[in-house]
Amino acid sequence: MAEPILEMEHVVAGYGNTTVLHDVNIEIEDGQIACLIGPNGSGKSTLMKSIYGFADVMDGTITLRDREITGRSPQENLANGMSYVLQDASVFPGMSVHENMLMGGYVFEDDDRALARAEELYDEFPILGDIRDQQAGTLSGGQRRLLELARALMVDPEVMLLDEPSIGLEPKFIDDVFERIEQLNELGTTILLVEQNAQKGLSVADRGFVLASGEIKYTGSGEELLNDEEVGRLYLGG
Amino acid sequence: MSTDPDTSGLLRSILPPKRLDRLFDLCGAHGWKLIGAGAVVGALPPVFGLREGYMMTVLSEMFLFAILALSWDIVGGQTGYPSFGNMAFFGIGGYATAILVKDAAVSFPIAMVGAVVAVLVFAAINGLIVLRLRGHYFAIATLGILLAIQQVTRNLDITGGASGKILFDVPPGIVFYYFFLAVLVVEMAVVYYLTQTRFGFILNAIRDDEGKATAMGFNTTYYKTAAWMLAALFTGLAGGAYGLFNTFLDPQTAYNGAWNVELIAMALMGGTGTVAGPVIGAFGLHTIIEYVESSFVGWQLVLLGVAIIVTVIRFPKGVVGTLRAYANEMDYYERGGMAATDDEEVTTDE
């Protein structure tokens with residue numbers, strides 16, 4: 001069994017006085033794709049935000065490769081090797097593709113390092129290299145999502161949090177995006193994704209979690225959850 | 001699907017979007033030269049004899065308003081935090097200079113240093129409070145600060161209370177003409193430089209979505225505060241000189257709420273989030289206001305209100321923003337934007 005890279009133990013989290021997550025426990029191994037599914041309002045995005053430092057963690061601990069990161073700021077988490085792609089299109093529309101890429105690497109003190117990393121990523125994502133001068137606001141939905149993924153890779157993260165990568169995309173782009181997510185994972189990035197398209201998310205996941213009313217209701221491999229009758233009936237529309 | 005963007009024949013035949021796009025690229029590539037050329041042109045009128053009188057005053061005020069509009073835009077346009085209280089910096093700069101020159105008998109340059117220090121301290125303190133707020137809450141809070149500081153000034157003896165301060169033995173008008181021009185040129189150069197640096201990009205990222213900018217790992221508080229203080233610096237410099245330029249300062253003049261609306265209107269009309277926009281807006285609107293003030297006395301605020309409403313409804317991106325969007329419109333179609341999905345035919349006739 002591989003070493004766990006991201007763990008949440010008895011985490012209670014929310015916003016101010018509002019508690020959204022109740023005693024959440026998850027464990028993701030190094031190199032896995034983990035998928036979190038659940039109905040609207042179950043707390044999926046809050047779980048991601050509590051890991052990344054956007055939500056308040058009231059109790060419990062979160063560890064990233066044996067280092068406690070509970071309550072750490074997004075800046076610290078990014079420096080610790082974790083990046084976060086927010087739900088919905090998160091490109092900066094007024095900037096070019098290249099400027100968007102550099103935004104992902106400005107956490108480096110050295111601008112040249114950001115420039116060099118962007119060039120590396122253009123080799124991996126040639127389509128972005130071809131449109132590097134194009135304004136991000138003119139990109140298609142699929143291109144925007146690709147740009148978000150590439151930008152999140154600017155810091156070469158060990159763990160990437162992806163919030164609803166398929167949201168708002170037409171089917172052919174969804175397949176492209178998931179293909180790219182699997183490629184990133186093969187290159188060594190551990191991925192935790194929240195996905196409303198549960199069938200698609202679980203089909204690529206090594207590990208799956210079902211979140212409902214702020215609690216983890218089911219855990220298993222992606223395949224196990226896909227084949228689970230109860231999960232299928234309640235959460236997969238089967 | 002066939003998309004024909006050619007809907008207004010004359011403009012497109014005279015100035016097609018592609019040509020305007022190339023013109024923008026040219027201006028972008030030669031920004032430093034344009035600022036330098038602008039400085040030279042601005043410096044010429046006194047050389048050719050314009051050394052005093054009405055026109056000298058009007059031109060000086062145009063530079064002054066351009067400074068104020070561009071300063072507002074650093075926070076309001078580039079960072080997306082629309083302030084209704086920038087005139088507080090102007091008033092503090094003005095009073096600090098006036099008190100130092102009149103009561104402490106220091107020279108104009110040293111008084112300006114004192115004004116800058118006072119304004120920066122004030123900006124740092126209130127920035128920590130108001131920059132935690134966003135949108136309407138930020139706008140209202142800054143307006144509240146402007147009204148509060150105006151009231152405080154009215155109640156203090158050192159400021160001359162409601163009667164204000166009359167300033168004698170001030171430098172001649174040409175000094176202020178060149179002072180305002182120099183501050184404007186430096187401010188344009190600073191803003192132009194910053195728009196090409198990570199600092200400028202991060203301000204724009206905060207404007208687009210502060211949450212996303214935070215997710216990128218940026219300490220947005222640091223950048224917002226820096227932008228706020230930069231705006232305060234230039235506004236305070238303008239205010240510091242204005243008291244002496246006007247030879248009189250009272251709370252109504254120093255913390256002029258109508259001016260605060262004017263400088264926002266100037267930035268909006270010229271185009272927010274750009275270097276040239278607020279300057280063009282200031283020159284244009286101030287020229288119109290001067291004309292109305294001299295020809296239709298008492299109607300300038302009506303004009304200002306109408307100008308703002310028309311701008312917001314018809315040209316929300318301002319002069320520069322509207323032209324930029326026109327120049328860019330072909331990109332959307334030609335480069336496979338959202339409307340140009342793979343299986344759709346797109347016509348890009350120009």
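Visitor: In β8(A), which residue is the bridge partner of Val159(A)?
Guide: That's Thr190(A). This is a predicted model, where local features need pLDDT of at least 70, side-chain atom pairs count only at pLDDT 80 or more, and totals for chains, interfaces and linings use all residues. Residues are numbered from 1 along each chain as its sequence is written, with chains lettered from A and ligands numbered from 1 in the order in which they are written.

Visitor: How many bridges join β7(A) to β8(A)?
Guide: There are 5, and β7 (residues 159-163) of chain A runs parallel to β8(A). Strands pair if DSSP finds at least two bridges between them; strands (E, at least two residues) and helices (H or I, at least four) are DSSP runs, numbered from the N terminus.

Visitor: Where does the chain go from β7(A) on the way to β8(A)?
Guide: Through helix α7 (residues 171-186) of chain A, in a right-handed β-α-β crossover. With the strands pointing away from you, the path from the first strand over the helix to the second runs clockwise.

Visitor: Why is β8(A) largely enclosed?
Guide: Because 5 of the 5 residues of β8 (residues 190-194) are buried, meaning 20 or more other C-beta atoms, placed from the backbone, lie within 10 Å of a residue's own. Thr190(A), Leu192(A) and Val194(A) point one way, Ile191(A) and Leu193(A) the other.

Visitor: OK, new topic: how many residues of chain A are in contact with chain B?
Guide: 23, and they meet 21 residues of chain B. Contact means C-beta atoms, placed from the backbone, within 7 Å.

Methods
Contact = placed C-beta atoms within 7 Å. Buried ≥ 20, exposed ≤ 12 C-beta atoms within 10 Å, placed from the backbone.
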